[in-house]
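Subject: Structure for you to look at

Hello,

Here is the structure I promised to pass on. Please open it first, then read my notes below.

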Amino acid sequence: MDRALFLKERDEAIAAGERALVSLKRAQSELSGARTWGAIDMLGGSFFSSLIKRSKMKNAQACLQQASNDLAAFSRELGDVNRFSYINVDVGDLLGLADLFYENFLVDLLMQNRINTARGKVSDAISKVQGAVDQLKRM
C-alpha cells in the first residue's frame, strides 16, 4: 500500500474510532445517571425515581446501539490499515422493566449491579478504542 493511501485509510480509521468514542461516552454518561437514580431508588426512592432510572437506562441502550454500529465501522476501518481489534460491548437488556413492577430492595440491588457491570464494560471499551486511536495517530 502506498503511503498516501495508507494515510487516507488511517485517517478514516481515526475518524471512525472517534465516532465510537463519542457514542461510548454518551452511554457512559447515561449509565452514570442511571446509577445515581438507582442509588436513590435503593435508599427509599419512589415510583418516579424508578421511572427516571429506567429512562436513563433506555437512553443508555440507544447510545450502546449506536456505539455498536460505530465499533463495527471502526473494526472495518482498522482492517483497511492492516490492524485488527475486536471490541465487544454487550450489556444485555439491563433487566428491562422488572424494577417498575417489583419495588423492593433486592430487585433494586440487582438492577444496580447490572448498571455497574455495563459501566465497567463501556469503560473497558473506551480504553481499548482510545488506545487504538492513539496508536493510529502515532503511525
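**A nonpolar surface patch**

On the surface, Phe 47, Phe 48 and Leu 51 form a nonpolar patch, and together they have about 310 Å² of accessible area. Keep in mind that this is a predicted model. Leu 51 sits in helix α2, which covers residues 47-80. Its relative accessible area is 35%, so Leu 51 is partly exposed. That value also passes the cut-off for patch members, which is over 30%.

**Fold and helix packing**

The protein chain has four helices and zero strands. Along the sequence the pattern reads α-α-α-α. Of the 139 residues in the chain, 41% are buried.

The axes of α2 and helix α4 (residues 105-137) come within 12 Å and cross at roughly 25 degrees. That makes α2 roughly parallel to α4, because angles under 35 degrees count as such. The crossing of α2 past α4 is left-handed.

**Salt bridges**

Side chains of opposite charge can pair when their charged atoms come close. How many salt bridges does the structure hold? There are four. Three of them are described here, one by one.

- Arg 10 and Asp 11: their side chains meet in a salt bridge, at 2.9 Å from N to O. Arg 10 has 14% relative accessibility and counts as buried, because the limit is under 20%. Asp 11 is partly exposed, at 41% relative accessible area.

- Lys 137 and Glu 18: the closest N and O atoms of this salt bridge are 3.1 Å apart. Lys 137 lies in helix α4 and Glu 18 in helix α1 (residues 3-42), so the pair ties together parts that are 119 residues apart in sequence. Both ends are partly exposed: Lys 137 has a relative accessible area of 46%, and Glu 18 has one of 34%.

- Glu 30 and Lys 56: these side chains meet in a salt bridge at 4.0 Å, N to O. The pair links distant parts of the chain, with Glu 30 in helix α1 and Lys 56 in helix α2, 26 residues apart. Is Glu 30 buried or exposed? Glu 30 is buried, with a relative accessible area of 18%. Lys 56 is partly exposed, at 27%.

**Where to start**

I would begin with the patch at Phe 47, Phe 48 and Leu 51. Then turn to the crossing of α2 and α4.

Best wishes

Technical notes:
Residues numbered from 1 in each chain as written. Predicted model: local features only at pLDDT ≥ 70, side-chain atom pairs only at ≥ 80, totals over all residues. Heavy atoms only, no water. Patch = residues over 30% accessible without salt bridge, like charges linked within 9 Å, V, L, I, M, F, W, Y side chains within 5 Å. Areas by Shrake-Rupley, 256 points an atom, 1.4 Å probe, with all protein chains shown as cover. Helix = DSSP H or I, 4+ residues; strand = E, 2+ residues; numbered from the N terminus. Buried < 20%, exposed > 50% of the residue type's maximum accessible area, 1.4 Å probe, protein only. Axes fitted to C-alpha atoms, helices over the stretch in contact; angles between N-to-C directions. Parallel < 35°, antiparallel > 145°, perpendicular 65-115°, else oblique. Left-handed = near helix turned anticlockwise from the far one by under 90°.
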